[in-house]
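Please look over the sequence and the structure shown below before reading on.

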Amino acid sequence: MARMKFLCDSDRCIECNACVTACKNEHDVPWGINRRRVVTLNDGKPGERSISMACMHCTDAPCAAVCPVSCFYTTADAIVLHDKDLCIGCGYCFYACPFGAPQYPRVGNFGGRGKMDKCTYCAGGPQQDNSPAEYLQYGANRIAEGKLPLCAEMCSTKALLAGDGEIIASIYKERVQRRGYGSGAWGWRTAYRETVPA
Amino acid sequence: MSRALLGAALALSLLAGGAQAQQTSGQPSGGAPEVQAPVPEVGAGRGRLGSGQVPQTTEPQAPTGAPDAPPVAAAPTPVTPIPAPPPLGDRDQADAAELELQATLRGQRISGRISIPNATAANLIQPAGREWREFHNRILTWVGGVAVLGMLVILAGFFLVKGRIRPEAGMSGRTLLRFNLLERANHWMVASCFVVLALSGLNLTFGRHVLLPVIGPEAFTAVSAAGKIAHNFLAFPFTLGLVVMFLLWVRDNIPNRLDIEWVKKGGGFIGRGHPQARRFNAGQKGMFWITILGGGLVAASGYVLVFPFTVTDIAGQQWAHVVHGLLTVLMIAAILAHIYIGSIGMEGAIDAMTTGQVDENWAREHHSLWLEEERVKARAPVPGAKPAGAG
């Protein structure tokens with residue numbers, strides 16, 4: 001089994017937000033929820049770079065560690081998923097997540113959070129694979145169809161890479177070697193406690 | 001074949017002519033300025049041609065621009081050679097791993113600009129989440145466990161050693177009003193809210209380890225979801241009760257010299273003998289201020305949590321949870337002691353909050369000065385009332 005990861009090559013990302021749009025469209029994500037987003041650092045200054053960020057599917061995921069109802073689980077591909085039937089929308093995973101990945105629909109009273117929603121690595125949830133119930137709760141399950149996440153597949157500059165960690169790291173290293181520069185794999189130290197030498 | 005070529009050449013020349021016509025008509029004509037956008041059309045025409053303009057004539061053309069400007073022979077050569085700039089990724093920037101390490105060590109966040117309205121999403125990486133996880137999973141669990149279980153053990157030990165404290169003179173059978181209906185109703189509103197808030201709160205920290213293995217994930221989620229709703233809603237009557245409680249009792253809870261004496265004598269609860277006290281003794285005053293100040297802070301931090309990101313950012317939310325969690329487990333421990341002494345720990349104490357009528361002997365031992373005050377008040381003539389037998 002592969003160890004699935006995301007890698008955003010910020011020297012290639014042009015902040016077109018196609019990954020965000022692809023994700024929203026593929027999974028029919030409701031208003032106000034962004035499973036993926038593009039953050040621009042040093043906007044308008046020298047050294048500006050954009051990074052597409054979503055759930056990084058951490059090793060030793062903080063969300064799973066703090067969840068009061070233990071609704072998270074990790075698949076054989078090391079994808080971190082959660083069970084919306086168990087989630088109570090307490091918001092603790094957002095406080096623990098280094099990447100701001102968990103999203104909550106605003107339902108009910110006050111700042112009332114509904115059941116958490118986040119990037120599933122296009123792997124759905126605990127429901128039957130590619131069933132209507134799974135689509136309704138978690139969106140499409142491309143992994144079960146043998147496909148990779150759509151955000152990375154859609155990326156026009158191939159900045160966003162998804163797939164087995166070793167393979168995408170080797171693709172990135174080869175790029176860096178060829179062009180002579182690179183800013184490293186964003187979030188990898190935090191999520192996987194490893195770095196890709198740039 | 002040759003006809004096709006001829007056609008292509010014709011189309012080419014027509015296109016080129018069109019492009020030139022655009023350019024010439026694009027000159028400002030002295031009159032009213034025309035609204036036009038020649039650039040994309042020219043660009044489109046050029047794009048289709050592929051290799052720039054095709055000259056229509058071989059005759060020498062007049063140069064564009066100012067006619068009397070001298071033609072530049074060649075670009076000036078720099079005195080010193082200009083080195084090629086380093087590629088963008090290399091310009092004095094730390095790479096991702098280095099920035100993440102720095103942010104972690106300095107307790108900062110890596111954030112930028114985002115094009116969606118959600119400002120919270122502009123944080124790319126917030127390493128402080130790891131510290132919050134440490135607090136939630138370790139510090140709060142330990143502090144809470146030790147405080148709550150420790151207090152239960154202390155109280156059980158106290159009960160075993162001292163047993164139930166009874167008035168030394170026994171019950172007199174004569175009673176007097178200690179708390180009126182408003183005071184009692186408000187106390188029980190705060191108390192019942194506190195119990196539900198405390199249990200649902202403890203469930204969020206300890207339920208996963210204690211309750212979840214017992215009742216299973218589905219039932220545990222049902223309990224926790226109901227607890228969350230109850231927690232959010234009961235915050236409001238709890239806060240209202242705190243305000244009313246403060247207004248009703250603050251007058252009698254100002255610390256004074258008697259309290260020092262009371263503490264020195266061990267309050268008659270731990271030590272021997274009964275130090276003097278007015279309406280509230282030092283222990284009760286302590287409980288009052290723990291409830292008002294602790295409860296106030298817990299309520300304030302709770303409102304920050306229940307309206308997420310309305311007044312603060314992610315760091316503020318994490319701190320609000322730290323304050324809320326630590327203060328509540330300490331308050332729960334304190335309230336356990338309060339419940340103990342108000343119920344099984346001391347005979348006659350519970351009456352003050354049920355019927356409001358306390359026994360005179362109980363009052364004499366625990367609130368001697370208050371009993372005197374009440375007696376003076378009772379003996380004082382009612383204003384406006386005539387003494388019996390007068391006139």
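For the UniProt annotations used in this briefing, positions are given in the numbering used here, feature names are shortened, and an annotation may be inferred rather than shown by experiment. With that caution, the unreviewed UniProt entry marks residues 139-161, 188-209, 229-250, 286-307 and 319-341 of chain B as "transmembrane region". The model itself is predicted, and the values below are computed from it.

**The annotated spans of chain B**

- Of the spans that the unreviewed entry annotates as "transmembrane region", one covers residues 229-250 of chain B; in the model this stretch is 95% helix and 0% strand, and its end C-alpha atoms are 32 Å apart.
- Another annotated span covers residues 286-307 of chain B, and here too the chain is 95% helix and 0% strand, with the end C-alpha atoms lying 31 Å apart.

**Chain B as a whole**

- Chain B contains 13 helices and five strands, and 24% of its 391 residues count as buried.
- Among the contacts in chain B that have a separation of 6 or more, 67% are accounted for by residues 24 or more positions apart.

**Chain A as a whole**

- Chain A has seven helices and six strands, which follow one another from the N terminus in the order β-α-β-β-α-β-β-α-α-α-β-α-α.
- The radius of gyration of chain A is 17 Å, which agrees with the value near 16 Å that a compact globule of 198 residues would have.
- Taken along the principal axes, the box filled by the C-alpha atoms of chain A is roughly 50 × 40 × 30 Å.
- Of the 198 residues of chain A, 54% count as buried; and among its contacts between residues at least 6 apart in sequence, 54% join residues at least 24 apart.
- One example of a residue inside chain A is V176(A), which lies in helix α6 (residues 165-179) and counts as buried because 20 C-beta neighbours lie inside 10 Å, where 20 or more are required.
- The C-alpha atom of V176(A) is separated by 9.6 Å from that of D9(A), although the two residues are 167 residues apart along the chain.

**Nonpolar cores**

- The largest nonpolar core has 79 residues, and the residues with the most contacts inside it are C93(A) and L160(A); its largest share, five residues, comes from helix α3 (residues 92-96) of chain A.
- When neighbours within four places in sequence are left aside, C93(A) is in contact with C63(A), V66(A), C67(A), P102(A) and M116(A).
- Apart from this core lies another, of 14 residues, which includes F238(B), L242(B), M245(B) and I332(B).

**Where the two chains meet**

- In the contact between the chains, 48 residues of chain B touch 45 residues of chain A.
- Several elements of chain B each supply at least two residues to the side that touches chain A, among them α3 (96-106), α4 (128-162), α5 (181-210) and α10 (314-342), while α7(B) gives the most, with seven residues.
- By residue type, the side of chain B that touches chain A divides into 21 nonpolar, 18 polar and nine charged residues.

**A sheet shared by both chains**

- Three strands form an open sheet in the order β3(A)-β2(A)-β2(B), with antiparallel pairing, and the edge strands, each of which pairs on one side only, are β3 (49-53) of chain A and β2 of chain B.
- Within chain A, β2(A) and β3(A) pair in the antiparallel sense over five bridges; the partners across these two strands include T40(A) with S50(A) and R37(A) with M53(A).
- Between the chains, strand β2 (residues 37-41) of chain A pairs with β2(B) in the antiparallel sense over two bridges, and V39(A) has I114(B) as its bridge partner.
- Four of the five residues of β2(A) are buried, so this strand is largely enclosed by the rest of the structure.

Note on methods
Residues are numbered from 1 along each chain as its sequence is written. Chains are lettered from A and ligands numbered from 1 in the order in which they are written. This is a predicted model: local features need pLDDT of at least 70, side-chain atom pairs count only at pLDDT 80 or more; totals for chains, interfaces and linings use all residues. Two residues are in contact if their C-beta atoms, placed from the backbone, lie within 7 Å. Ala, Val, Leu, Ile, Met, Phe, Trp, Tyr, Cys and Pro count as nonpolar, Asp, Glu, Lys and Arg as charged, and the others, Gly among them, as polar. Two strands pair if DSSP finds at least two bridges between them. A residue is buried if 20 or more other C-beta atoms lie within 10 Å of its own, exposed if 12 or fewer, and partly exposed in between; C-beta atoms are placed from the backbone. The radius of gyration is taken over C-alpha atoms; the globule rule is 2.2 Å times the number of residues to the power 0.38. A nonpolar core is a set of buried Ala, Val, Leu, Ile, Met, Phe, Trp, Tyr and Cys residues joined through C-beta atoms within 7 Å.
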